[in-house]
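Thanks for asking me to look this one over.

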Amino acid sequence: MNRKKTAEELRSHRWYGVRDLRSFGHRSRTKQMGYAAEDYQGKPVIGIINTWSDINPCHTHFRDRAGEVKRGVWQAGGFPVEMPAMSLSEPFQKPSTMLYRNLLAMETEELLRSYPMDGAVLLGGCDKTTPAMLMGAISMDLPTVFVPAGPMLRGNWRGRTLGSGSDVWKYWDEKRAGVIDESAWEEIEDGIARSPGHCMTMGTASTMTAATEALGMTLPGASSIPAADSNHPRMASASGRRIVEMAWEDLKPSDILDERAYDDAITAVLALGGSTNAMIHLIAMARRSGIPLALDRFDALSRRVPVLANIRPSGEYLMEDFYYAGGLRGLLSRLEDSLNLDRPTVSGRILREDLSGARVYDDEIIRPSDNPLQEEAGLAVLRGNLAHDGCVIKHSAADPRLLKHTGRAVVFDGYDDLAWRINDPALAVDRDSVLVLRGAGPLGAPGMPEWGMLPIPEKLLKKGVRDMVRISDARMSGTAYGTCVLHVAPESHVGGTLALVRDGDRVELDVPGRRLELKVGEQELEHRRTEWSPPEPSYGRSYGAIYARHVTQANEGCDFDFLAEGPAVKEPEIH
Ligand code: FES
């Protein structure tokens, strides 16, 4: 180990090591918890930030994993301290976990700052928990290792494989179209989520944990291990051992997360056919690292990175198959020419060394670059008068027939309006219509929920229509699919052009040309703008009021303006 710090230089020394009245309290209160001086004296204190919760099904194993991280910390001569943090449970938290991502980021940062931590292990994985905890840890900049929750096992129904999210939408549409009955639907409910772990399709969770590994913030190979596999607890205890070394080495996120790291994370996301949500989160994380990452970087890399992972919703398989096929290390070994291999990771080595010996065991699941799933990666950034600051589409999961399309708008004002009218037999809509949802952005909804995969009207479903062009200022679940234009910025709530669209307006989508245009003259738009008035704010008090005052638009990462930048925060005084 390349030791840079002495015990006296550890941050925790200020709490434990000095001889004064306050440090007496810290020591005596640690003894109150049953620890002897030999347990903590002169050792790095490692904060294990645990997002376990009784209402987060993706993190049910985190009590065990925290214990396994502790085992590693003790073995390596550290002092582990487990601390609970808000669990952002994707299925249950309303109106959207995205509303609370920045709250967990703040909590993570302040837990690490206000207590005597020398290093951190972050236990997360369910969608927003990963970016949230990393954003906080980046801003605090203590040595940090991320322990990803790991994907759950494949779902199963009558011998058929079921994938989180993707197969829910698919069989819901089949049920609405009368293809499957209620008892089949109930059996799917029993079989789709059958172990601990996060969604096992290439949704936001798998995308963000893989991005975190590609950034260099997990041990090599960590993100692909299924939660139920015994390699997972072994990875957790190895992370515990490693963070103690990192605390002595003083290897911090700022030593790891440079522009090259973010490029490599984007490259990994693209080759995985990853979630559009990654664009928001990586922009927010990069800006916390002081790197002005913008949407266009995703588009530029997208044109040269092929999709190699054959995982739903873009492909056929699931994360468990991906792990057996070689996992993320296998995939990255096939992208070596596109990666920055000489940069450091939490392993204490460089990425090239982390990938040494990585292999692919199944070319159908992790494709070679001369036989990709898609030549060009799946994420495109569009601009035009309907999205001056940009919007995104995951075209790898869209019907290719619709990627260049002009149709008449059918406009919905918020989710209630959508739910109320979408299946009305009298709705003036056909297969060429463009469904538009507004009032679903960071401020509008609020919290930018995953409403972007607007349902296909039932009368069209029955005619066999399975995809249409859909446009919104919402996000979309990474497990969702379809020709869905998302993250329109500026959103309608702040007066973006989306607020001015009317039923029957022609809308032109041109993914190859990266354009999204409302075919209405500037004079008419100006007239509509004078008639428009901003909606009432959603919150008069509470956290929601802080959120509404400070959240940025999707193209800027939806971070709070006062967290994204500003002078360094001082260490707390101890008196
Ligand atoms: Fe937790 Fe999908 S619900 S990752």
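The points below go from the whole chain to its sheet, its helix pairs and a few backbone details.

1. Please keep in mind that this is a predicted model. The protein chain holds 22 helices and 14 strands. Its radius of gyration is 24 Å, close to the 25 Å that the globule rule gives for 575 residues, so the chain is as compact as a globular protein of that length.

2. Next, the parallel sheet. It is an open sheet of four strands in the order β2-β1-β3-β4, and the pairing is parallel. The edges are β2 (79-84) and β4 (144-148), each of which pairs on one side only. From one strand to the next, the twist averages 20°.

3. How many bridges join β1 and β2? Strand β1 (residues 45-50) pairs with β2 over six bridges, in the parallel sense. For a spot to check by eye, take I48, whose bridge partner in β2 is E82.

4. Helix α6 links this sheet to the helix packing discussed next. It packs on the sheet and touches β1, β3 (119-124) and β4. The direction of α6 makes about 165° with that of β3.

5. Now α6 with α5. Helix α5 (residues 97-114) and helix α6 (residues 129-140) pack at an angle of about 40°, and their axes are 7 Å apart. Roughly parallel would need an angle under 35 degrees, and α5 and α6 are therefore oblique to each other. Their crossing is right-handed.

6. Which residues make that contact? On the α5 side they are R101, N102, L104, A105, T108, E109, L112 and R113. They meet T129, P131, A132, M133, M135, G136, A137, S139 and M140 of α6. By class, the residues of this contact divide into nine nonpolar, five polar and three charged.

7. Helix α5 has another partner to look at, helix α13 (residues 277-288). The axes of α5 and α13 come within 13 Å and cross at roughly 30°. That makes α5 roughly parallel to α13, and the crossing is again a right-handed one. Here M98, R101, A105 and E109 of α5 meet I280, H281, A284 and R288 of α13. The classes in this contact are four nonpolar, one polar and three charged residues.

8. Helix α7 (residues 166-176) and helix α8 (residues 182-191) pack at an angle of about 170°, with axes 10 Å apart. Angles over 145 degrees count as roughly antiparallel, and α7 and α8 are therefore roughly antiparallel to each other. V168, Y171, W172 and K175 of α7 make the contact with E182, W185 and I188 of α8. These residues divide into five nonpolar, no polar and two charged.

9. Do strands β13 and β14 run parallel or antiparallel? Strand β13 (residues 506-510) and strand β14 (residues 515-518) run antiparallel and are joined by four bridges. Within this pair, E508 stands opposite E517 of β14. The two strands form a hairpin with four residues between them, and R514 in the turn has a positive phi of about 55°.

10. One runs from R312 to P313, with omega near 10°, and P313 lies in the loop between α14 (295-302) and α15 (319-324). Another joins A489 and P490, with omega about -5°. P490 lies in the loop between β12 (484-486) and β13, the strand that goes on to form the hairpin with β14.

Notes: Residues are numbered from 1 along each chain as its sequence is written. This is a predicted model: local features need pLDDT of at least 70, side-chain atom pairs count only at pLDDT 80 or more; totals for chains, interfaces and linings use all residues. Side-chain values use heavy atoms; hydrogens and water are left out. Axes are lines fitted to C-alpha atoms, for helices over the stretch in contact, and angles run from 0 to 180 degrees between N-to-C directions. Angles under 35 degrees count as roughly parallel, over 145 as roughly antiparallel, 65 to 115 as roughly perpendicular and the rest as oblique. A crossing is left-handed if the near helix is turned anticlockwise from the far one by less than a right angle, and right-handed if clockwise. Contact means heavy atoms within 4.5 Å. Ala, Val, Leu, Ile, Met, Phe, Trp, Tyr, Cys and Pro count as nonpolar, Asp, Glu, Lys and Arg as charged, and the others, Gly among them, as polar. Two strands pair if DSSP finds at least two bridges between them. The radius of gyration is taken over C-alpha atoms; the globule rule is 2.2 Å times the number of residues to the power 0.38.
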